[in-house]
Amino acid sequence: MGRKIILLGFWLLGYFLGFFAWLVRGPVISGLENIGLSSDAAGALITGFAGSLVMLVGVIMWSYFSSSS
């Protein structure tokens, strides 16, 4: 696979995960507030999780496709 396709895949994955996180942020933040987190901390937790998931999937994809070449 070409470098441009891999970069496009990373971008699309990050975009869709961020879009989904934005849609579900209200109920998730209120649920996290119920266990004692502030809304800022809950938002940071959601953002950190989404970013780490994108990077994890990206590194796995990169490792798979670079080893199969």
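Tyr 15 counts as partly exposed because its relative accessibility is 44%. The model is predicted: local features need pLDDT of at least 70, side-chain atom pairs count only at pLDDT 80 or more, and totals for chains, interfaces and linings use all residues. Residues are numbered from 1 along each chain as its sequence is written, and side-chain values use heavy atoms, with hydrogens and water left out.

Tyr 15 lies in helix α1. Helices are DSSP runs of H or I with at least four residues, strands are runs of E with at least two, and both are numbered from the N terminus. The stacked partner of Tyr 15 is Phe 19: the ring centres are 6.3 Å apart and the planes meet at 20 degrees, so the pair is classed as stacked. Rings of Phe, Tyr and Trp (its six-membered ring) pair if their centres lie within 6.5 Å; planes under 30 degrees apart are stacked, over 60 edge-to-face, and the rest tilted. Tyr 15 and Phe 19 sit about one helical turn apart, because 4 residues separate them in helix α1 (residues 3–34). An α-helix has 3.6 residues a turn, so residues three or four places apart point the same way. Phe 19 is partly exposed, because its relative accessibility is 45%.

The whole structure holds 3 aromatic pairs. One of them joins Tyr 15 and Phe 16 edge-to-face, at 5.4 Å centre to centre and 75 degrees between the planes. Trp 11, Tyr 15, Phe 16 and Phe 19 form one aromatic cluster. A charge also sits over a ring: Arg 25 lies over the face of Trp 22, 3.6 Å from the ring centre. This requires NZ of Lys or CZ of Arg within 6 Å of the ring centre and within 35 degrees of the ring normal.

The protein chain has 2 helices and 0 strands. Its radius of gyration is 15 Å, well over the 11 Å from the globule rule for 69 residues, so the chain is more spread out than a compact globule. The radius is taken over C-alpha atoms, and the rule is 2.2 Å times the number of residues to the power 0.38. Along its principal axes, the C-alpha trace spans about 50 × 20 × 15 Å. Buried residues make up 14% of the 69 residues.

Helix α2 covers residues 39–67 and includes Val 57. Ala 42, Ile 46, Ala 50, Val 54 and Gly 58 are the buried residues of α2. Their cover includes α1, where contact means heavy atoms within 4.5 Å. Val 57 is partly exposed, because its relative accessibility is 28%.

Gly 14 and Val 57 are 43 residues apart in sequence, with 9.9 Å between their C-alpha atoms. Arg 3 and Trp 62, 59 residues apart along the chain, are separated by 9.7 Å. Arg 3 belongs to helix α1 and is exposed, because its relative accessibility is 71%.

Key:
Buried means under 20% relative accessible area, exposed over 50%, partly exposed in between (1.4 Å probe, protein chains only).
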